[in-house]
Amino acid sequence: MATIETKVPLSAVLPPLIFGTATFNYQYNKDPYELDTVGLVQKALEFGVRAFDTSPYYGPSEEILGAALDTDFVRKNVPRDDYFLITKVGRIASDEFDYSKEWVHQSVQRSLQRLKTSYLDLVYCHDVEFVSEEEVMEAVKELRRRRDQEGTIKYVGISGYPLPVLCSLAHRILRETGEPLDAVMSYSNFNLQNTLLATAGIRELKAAGVDVVPNASPLSMGLLRREGVPMGSMGNWHPSSDGLRAAVKRASDFCDRHDERLEVVAIRYALEQWLSIGESVGSRGHPASGVPWQRESNEQVGGTRLGVSVMGVSKASELEKTMQVWRSILDGLENGQETATRAGRWKRDHEWSLNRRKAIEILADGIQEHLDEYLDYVWDSPEKGFVNKRAKQKELAPPPQEQPWMTPAASPQPDEVPFPEEAALPLR
């Protein structure tokens with residue numbers, strides 16, 4: 001097994017476009033089992049997508065993704081070492097977190113089983129702002145132990161919402177362990193409404209030695225849409241305030257007057273801008289080409305690091321539109337015209353991409369004017385008064401009583417501690 005000193009950096013191999021499967025959950029869809037997830041994952045692989053992000057907290061997402069990847073089609077066309085599997089540990093429910101090394105160990109075991117794989121490429125500590133820094137340190141050390149001793153994990157990171165918390169933890173982990181995090185995933189912090197990841201986050205995370213900073217949720221968990229926040233089986237779960245939602249509605253009306261849809265502008269803005277703004281914390285992994293069965297290398301689109309983004313879709317039509325946008329963005333990069341020509345695309349696709357980028361930037365200015373005081377507005381995470389129910393239960397539990405030694409016949413079997421019933425609750 002490679003040592004920490006000689007392992008390949010995550011930034012050398014992580015694809016810059018990641019398929020986020022939080023949508024395989026009751027929050028975004030009334031019944032995720034009714035989605036054609038097998039067809040969706042197959043289509044994504046055809047387009048060149050080679051990274052999938054999930055979590056035990058996303059309801060049945062791990063189970064659904066594992067089944068979609070466990071098909072004859074995938075086994076014949078895309079070997080396991082050709083795609084990234086990313087998951088998380090620590091978050092159990094909206095008010096329940098467990099970062100103990102015992103729970104982390106069990107969570108990883110269950111993810112391996114659900115995803116039907118012998119190893120996980122990247123594992124995050126999920127929503128670190130809800131627990132103490134000491135608890136995060138324990139979880140990170142356990143994940144790294146499994147990486148170094150068992151090889152069931154390749155890279156380790158943290159995820160969450162408040163940038164000050166993410167940055168503080170990244171610095172502490174480097175300071176106390178001597179090793180920086182491979183990745184820090186931030187969500188809803190670089191999009192049309194909030195650009196704090198670019199203006200404040202990158203500098204601090206780089207100073208803490210973080211290798212890659214994926215930008216998740218370009219629509220801010222569905223906030224930046226003409227229809228407003230998504231309403232799945234969980235109802236009105238989005239943490240945005242009424243004032244922010246009203247500002248987004250004004251911005252959407254502005255887009256309508258210019259014959260555009262807010263979500264179309266928002267997706268392209270976040271993907272395209274982060275590709276260059278997030279370059280220093282990006283990756284040289286192969287980008288998805290957006291053209292069925294046509295692989296594309298990083299060198300073919302300029303050879304520089306590219307900011308990494310996480311997209312989320314529920315239907316083939318959404319995937320196809322997103323990949324069309326992604327392909328157009330790549331056409332605008334260095335060597336874009338040459339690459340488009342070799343792919344049999346229109347010789348002026350490069351020029352069209354640059355013009356579309358300029359139009360999106362103009363529209364983004366107008367949208368941000370309508371967002372007004374809600375530009376770079378952030379909500380509390382966790383909400384004031386939050387109590388981790390899991391920690392409270394442990395705190396209130398009576399102290400263990402000393403027990404006599406059991407005979408071998410009376411000893412309990414080493415069964416895995418059962419997981420609690422998982423609920424599809426607000427994604428973080």
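Me: Why does Arg261 count as partly exposed?
Reply: Arg261 has a relative accessibility of 28%. A residue is buried under 20% relative accessible area, exposed over 50% and partly exposed in between (1.4 Å probe, protein chains only). The value of 28% lies in between, so Arg261 counts as partly exposed. This is a predicted model, in which local features need pLDDT of at least 70 and side-chain atom pairs count only at pLDDT 80 or more, while totals for chains, interfaces and linings use all residues. Residues are numbered from 1 along each chain as its sequence is written, and side-chain values use heavy atoms, with hydrogens and water left out.

Me: What makes the contact of Arg261 with Glu263 a salt bridge?
Reply: The term requires a side-chain nitrogen of Lys or Arg within 4 Å of a carboxyl oxygen of Asp or Glu. For the side chains of Arg261 and Glu263 the N to O distance is 2.7 Å, so the pair qualifies. Glu263 itself, at 11% relative accessibility, counts as buried. Elsewhere, salt bridges that share partners join Glu296, Arg327, Asp331, Arg345 and Asp349 into one network. The whole structure contains 35 salt bridges.

Me: How do you know that Asp211 and Arg305 tie together separate parts of the sequence?
Reply: Their side chains form a salt bridge at 3.6 Å, N to O. Asp211 belongs to the loop between α7 (196-207) and β9 (215-216), and Arg305 to the loop between α9 (262-277) and β10 (309-311); the pair therefore ties together parts that are 94 residues apart in sequence. Asp211 is buried at 17% relative accessibility, and Arg305 is buried at 17% as well.

Me: What makes Arg226 and Asp256 a link between distant parts of the chain?
Reply: The side chains of Arg226 and Asp256 meet in a salt bridge of 2.8 Å, N to O. Arg226 is in the loop between β9 and α8 (242-257), whereas Asp256 is in helix α8, 30 residues apart. Arg226 is partly exposed at 36% relative accessibility, and Asp256 is partly exposed at 32%.

Me: How do you know that the buried residues of α7 are on the same side of the helix?
Reply: The buried residues of α7 are Leu197, Gly201, Ile202 and Leu205. They cover an arc of only 105° around the axis, which puts them on the same side of α7; the arc is that of the directions from the helix axis to the C-beta atoms. These residues pack against α6 (163-177), β8 (183-187), β9 and α9. The face turned away from the buried side carries the exposed residues Arg203 and Ala207.

Me: How does the span of α7 compare with what is expected?
Reply: The expected span is 1.5 Å times one less than the number of residues. With twelve residues, α7 reaches 16 Å from its first C-alpha to its last, close to the 16 Å expected. Helices (H or I, at least four residues) and strands (E, at least two) are DSSP runs, numbered from the N terminus. The chain has 13 helices and ten strands.

Me: What makes β1 and β10 a pair of strands?
Reply: Two strands pair if DSSP finds at least two bridges between them. Three bridges join β1 (residues 17-20) to β10, so the two strands pair, and they run parallel. Leu17 stands opposite Ser309 in β10. Both strands belong to a closed barrel of eight strands, β1-β2-β3-β6-β7-β8-β9-β10, with parallel pairing.

Technical notes
Contact = heavy atoms within 4.5 Å.
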